[in-house]
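Here's a quick, friendly tour for anyone meeting this structure for the first time. Have a look at it, and then we'll go through a few spots.

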Amino acid sequence: MKLEKLPLKLLFGLLFISVIFNCSKKDDIVVAPPQPVVEEPQPVTLNNEINDFVWKGLNEIYLWQGDVPNLADDKFTSQDDYYTFLNSYSTPENLFDGLLYQKDVVDKFSFLVDDYVALENSFQGNSNSNGLDFRLVRLSGSDDVFGYVRYVANDSDAASKDISRGDFFMTVDGQQLTINNYSDLLFGSNNTYTLGMADITNNTIASNGKTVELTKTNFTENPILINKVIDADGIKVGYLMYNQFISNFDTALNDAITELKSQGVTELVLDLRYNPGGSVNTAIILSSMITGQFTGDVFSTEKWNSKYQQYFEANNPEYLINRFTDKLSDNSPISTLNLNKVYILTTSGSASASELVINCLKPYIDVVQIGTTTTGKYTASVTIYDSPNFGRDNANPNHTYAMQPLVLKSANASGVTDYYNGLDPDYPITYQTSSGSSYEGENMTDLGTLGDINEPFLAKALSLITGVTTKSSNSKYNKNILGFDIDNVADSKDFAPLGKNMFIKLKPNE
């Protein structure tokens, strides 16, 4: 919307001066009283230019722009009206949150940042990190929090320390983690902290006296954590644990698939259980690598807000279609496995681009999902900068704010979208607790080793491939190792700049 400054309409009264003539020989002169001074109203000034950027950006491209009355194109009748509205919000964050469509109910993923350089780095897998991936939980009814390690990133600070998958910690710098302090202690400004480690014995967690000091650095995590071939009863099975869709690693991903192909794999287990999403283009590339026989076919379609949707449908409908490809972004050829079935491991941490791969492969091949229900994110975002065309070039030098609003939702070739409650597994993984309750997901007291054939999630996939059921592959695995009744609090990826998001780069509108 372009706001035009409306001219002020000043009303001027006309004063008619009556001259009274009497019958005297000398006319009396009547002096008019002083005229009131009419002061022109002063225009409203904008308190914060970032608020102007927030409103205009969301009005332009936000997916639910038409559903938010305060983002309507005809919301304001004058510049003063517009500025008065913006000035009613004390911070850009408050304004941004106030303009989202049913925040945390429908829109759970749009966000605003005050440092777009850090955001850009996160797109490339680069962040301030010690390389430790963990989940935080609390015992039911308690405010005390403890964490368990899910994996350690290769070549990170944590990889050089005595800490590994399945380890527990309770304190940071000597302070017990609680529901109120975990964010500051683990994700605050302190780049170095010391974890107080713990053990679980007889359903009780307690300090074991061990400490581990970790330091966050400017670290680029390779999303390919594990890539290997498993010989499962004579069947060559590729196992790829892939933890984020990062375009900078597309060539490395191609090399990983090439290696699996060179060893003659006929089956693939794709582990996305900790993958929160990332680049849509990389999701297309990975899906094309798994298959290879569908180049040019529809991978997904996009639906934008009504303004953009109508424009694309009228002028360039192909813009709304993403297709399977046979090339990387630099036009080099991709390696393909030509599979008709893939086994994908998921948890509630599998989000956005991970879900896109699952949903968009389903119309073409057999997708066997193992684990737990995914996050439920079928929307994608784009980075909006404070510039004349909302692009990175000529961004306002006065600040480094940027927005990552949701701008489209994706559907697969069969039209399936809106999986708001996530994608359900074909084979749920469950465990029992000491109270007799049953939970879906990983039993933190029996995580197993990633990539090992006895690790419960992988074991289930291998049993489906070979037809051989083992104790570890049973969905209610290792019944003699009982879990805890816990409430999930957060995981380390929730605090990454990108979080559980799926993003696009705007394609040329040719």
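## The nonpolar cores

A nonpolar core is a set of buried Ala, Val, Leu, Ile, Met, Phe, Trp, Tyr and Cys residues joined through side-chain atoms within 4.5 Å. Keep in mind that we're looking at a predicted model. Its largest nonpolar core has 74 residues, and the ones touching the most other members are V54, Y242, L270, I290 and V342.

As a rule, nonpolar side chains in soluble globular proteins tend to be buried together.

## T178, in a loop

Now hop over to the loop between β6 (175–176) and α5 (182–187), where T178 sits. Is T178 buried or exposed? It counts as buried, because its relative accessibility is 18% and the cut-off for buried is under 20%. Skipping neighbours within four places in sequence, T178 is in contact with D143, D144 and V145.

N203 belongs to the loop between β7 (192–201) and β8 (204–215). With 43% relative accessibility, N203 counts as partly exposed.

N203 and F484 are 281 residues apart in sequence, yet their C-alpha atoms are 7.1 Å apart in space. Not counting residues up to four places away in sequence, N203 touches S434, G483 and F484.

Methods: Residues are numbered from 1 along each chain as its sequence is written. This is a predicted model: local features need pLDDT of at least 70, side-chain atom pairs count only at pLDDT 80 or more; totals for chains, interfaces and linings use all residues. Side-chain values use heavy atoms; hydrogens and water are left out. Buried means under 20% relative accessible area, exposed over 50%, partly exposed in between (1.4 Å probe, protein chains only). Helices (H or I, at least four residues) and strands (E, at least two) are DSSP runs, numbered from the N terminus. Contact means heavy atoms within 4.5 Å.
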